[in-house]
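Here is a short briefing for you to read alongside the model.

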Amino acid sequence: MAGKDHFVPIALTTVIPSFSSLLLPRGMMLHLPGPWPLLLLLLLLGSWGPVPPAAARPPGVTAVQWFITEHVRAGPVRCNTEMPQINYRPNTCKGQNTFLQESFQNVVATCQQPNRTCKNGLGNCHKSAGRVNMTYCLLTGRRPQCTYRTTYQNQFYIVACNNSQPGYPPNLLLPVHLDETVPLGPTHFG
């Protein structure tokens with residue numbers, strides 16, 4: 001038991017000072033006796049709070065409405081024109097986004113394709129019956145501009161679909177998440 005009692009203070013004095021050296025000028029170490037370094041670290045980390053992802057949907061918007069805003073367009077788009085409505089939260093830039101050049105009705109029809117496993121392990125994903133044109137946006141410049149490179153592609157896509165969405169019939173499967181696109185290579189860089 002004595003070895004265990006000695007382990008905790010040693011761990012605190014070896015791990016925490018190396019962490020504090022990231023925060024303090026070179027050669028200056030923060031030496032606090034007992035459990036204080038760990039408590040200080042936990043206090044600092046806890047005060048930051050959870051940070052929602054850049055693509056978190058706005059309050060009051062359903063998953064289906066956000067899917068349409070985030071991923072459905074009638075034709076090709078320029079990323080720097082379309083992405084500001086995706087980056088609605090201050091000081092956030094979504095790293096990448098894909099706009100399907102497909103009608104919402106056609107994406108809903110994809111939900112009737114056979115089930116497949118999504119990247120998160122759930123079985124509510126469906127692959128499009130054919131390739132579609134899409135616009136892929138890749139972040140190249142941070143706030144305040146959030147600039148993007150536009151790439152036009154023709155690929156299959158995989159969407160996660162759920163039923164019981166507000167404003168729709170309860171048994172209708174609707175797209176709520178673009179899980180992935182099946183790469184076939186870009187056709188144009190813009």
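Cys-118 counts as buried because its relative accessibility is 6%, under the 20% cut-off. In this predicted model, Cys-118 forms a disulfide with Cys-125, one of four that a search of the whole structure finds.

**The Cys-118 and Cys-125 link**
- The two sulfur atoms are 2.0 Å apart, and with 115° about the S-S bond the link is right-handed.
- Cys-125 is also buried, at 0% relative accessibility.

**The Cys-79 and Cys-137 link**
- A disulfide joins Cys-79 to Cys-137, with an S to S distance of 2.0 Å.
- Cys-79 sits in helix α4 (residues 79-82) and Cys-137 in strand β5 (residues 132-141), so this pair ties together parts 58 residues apart in sequence.
- The S-S torsion is about -85°, so this disulfide is left-handed.
- Cys-79 is buried at 0% relative accessibility, and Cys-137 is buried with a relative accessible area of 0%.

**The Cys-111 and Cys-161 link**
- Cys-111 is joined to Cys-161, S to S 2.0 Å.
- Cys-111 lies in the loop between α5 and β3 (115-116) and Cys-161 in strand β6, so parts 50 residues apart in sequence are tied together.
- A torsion of about -75° makes this disulfide left-handed.

**Overall pairing**
- With the bonded cysteines of the protein chain numbered in sequence order, the pattern reads 1-6, 2-7, 3-8, 4-5.

**Helix α3**
- The buried residues of α3 (residues 63-71) are Ala-63, Val-64, Trp-66, Phe-67, Glu-70 and His-71.
- These residues cover an arc of only 160° around the axis, which puts them on the same side of α3.
- Their cover includes β1 (72-73), β2 (96-101), α5 (104-110), β6 (147-162) and β7 (174-182).

Methods
Residues numbered from 1 in each chain as written. Predicted model: local features only at pLDDT ≥ 70, side-chain atom pairs only at ≥ 80, totals over all residues. Heavy atoms only, no water. Buried < 20%, exposed > 50% of the residue type's maximum accessible area, 1.4 Å probe, protein only. Helix = DSSP H or I, 4+ residues; strand = E, 2+ residues; numbered from the N terminus. Arc of directions from axis to C-beta. Contact = heavy atoms within 4.5 Å. Disulfide = S-S within 2.5 Å.
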